[in-house]
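User: Hi! I'm new to protein structures and would like to learn how to read one, feature by feature. Could you walk me through this one?

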Amino acid sequence: PARADLFHVAVDGRDDPDRDGRTPATAWATLAHACDRVPAGPHTLRLGPGTFPATRRAAPKSGHTIEGAGAAATRIVASADWPLVPT
């Protein structure tokens with residue numbers, strides 16, 4: 001069976017190709033970037049607390065679980081300059 005891994009997304013993270021998202025210190029900044037980087041499989045994408053402005057759609061792969069810090073703690077909102085048109 002495939003190994004399940006945990007990946008981190010944080011408001012102070014960076015969508016940098018040199019980061020691996022495997023620790024809070026190397027967290028990515030957006031769910032969309034995490035979905036792009038993490039392969040299909042039984043993996044958890046953990047969003048920390050805060051408000052995450054989305055600038056493009058996130059496309060989770062098969063087997064991804066998205067976990068937040070709670071309804072009042074983690075929010076994903078459309079950024080003011082995103083036209084909300086599929087890209």
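Analyst: Happy to! Keep in mind that this is a predicted model. Let's begin with the strands. β1 and β2 run parallel and are joined by 4 bridges.

User: Which residues stand opposite each other in that pairing, for instance opposite Leu6 in β2?

Analyst: Leu6 has Thr44 of β2 across from it. Val9 faces another β2 residue, Leu47.

User: And what holds strands together in general?

Analyst: Strands of a sheet pair through backbone hydrogen bonds, and they can do so in parallel or antiparallel fashion. In this model, β2 also pairs with β4: 3 bridges join the two, again running parallel. Thr44 has Thr65 as its bridge partner in β4, and Arg46 has Glu67.

User: In what order do the strands of the sheet come?

Analyst: The order is β1-β2-β4, in an open sheet of 3 strands with parallel pairing. β1 and β4 are at the edges with a single partner strand each, so one side of each has no neighbour in the sheet. On average, neighbouring strands here are turned by 25 degrees against each other, direction ignored.

User: What kind of unit do β1, α1 and β2 make?

Analyst: Together they form a β-α-β unit, and it is right-handed.

User: Let's move to the inside. What should I look for there?

Analyst: Start with the general idea: in soluble globular proteins, nonpolar side chains tend to be buried together. Here the largest nonpolar core has 10 residues: Phe7, Val9, Trp28, Leu31, Ala34, Cys35, Val38, Leu45, Leu47 and Phe52. The elements giving two or more residues to this core are β1 (6-9), α1 (31-37) and β2 (44-47). Of these, α1 gives the most, with 3 residues.

User: Which residues of β2 are on its covered face, and which on its uncovered one?

Analyst: Leu45 and Leu47 make up the covered face, while Thr44 and Arg46 are on the uncovered one. You have met both leucines already, as Leu45 and Leu47 belong to the core.

User: What is Leu45 in contact with, leaving aside its neighbours within four places in sequence?

Analyst: Its contacts are Phe7, Leu31, Ala34, Cys35, Val38, His64, Thr65, Ile66 and Glu67. Let's follow one of them, His64.

User: Where does His64 lie, and is His64 buried or exposed?

Analyst: You'll find His64 in the loop between β3 (50-54) and β4 (65-67). The cut-off for buried is under 20% relative accessible area. His64 has 13% relative accessibility, so His64 counts as buried. Not counting residues up to four places away in sequence, His64 touches Cys35, Val38, Pro39, Ala40, Gly41, His43 and Leu45. With Val38 there is a polar approach as well: a polar atom of the His64 side chain lies 3.3 Å from the backbone oxygen of Val38.

User: What about His8, is it buried or exposed?

Analyst: His8 is found in strand β1. With a relative accessibility of 12%, His8 counts as buried. Apart from neighbours within four places in sequence, His8 is in contact with Gly21, Arg22, Thr23, Pro24, Ala27, Trp28 and Arg46.

Note on methods
Residues are numbered from 1 along each chain as its sequence is written. This is a predicted model: local features need pLDDT of at least 70, side-chain atom pairs count only at pLDDT 80 or more; totals for chains, interfaces and linings use all residues. Side-chain values use heavy atoms; hydrogens and water are left out. A nonpolar core is a set of buried Ala, Val, Leu, Ile, Met, Phe, Trp, Tyr and Cys residues joined through side-chain atoms within 4.5 Å. Buried means under 20% relative accessible area, exposed over 50%, partly exposed in between (1.4 Å probe, protein chains only). Contact means heavy atoms within 4.5 Å. A polar contact is a pair of N or O atoms within 3.5 Å; within protein, one must be able to donate a hydrogen and the other to accept it, and residues adjacent in sequence count only if both atoms are side-chain atoms. Two strands pair if DSSP finds at least two bridges between them. A crossover is right-handed if, with the strands pointing away from the viewer, the path from the first strand over the helix to the second runs clockwise. Axes are lines fitted to C-alpha atoms, for helices over the stretch in contact, and angles run from 0 to 180 degrees between N-to-C directions.
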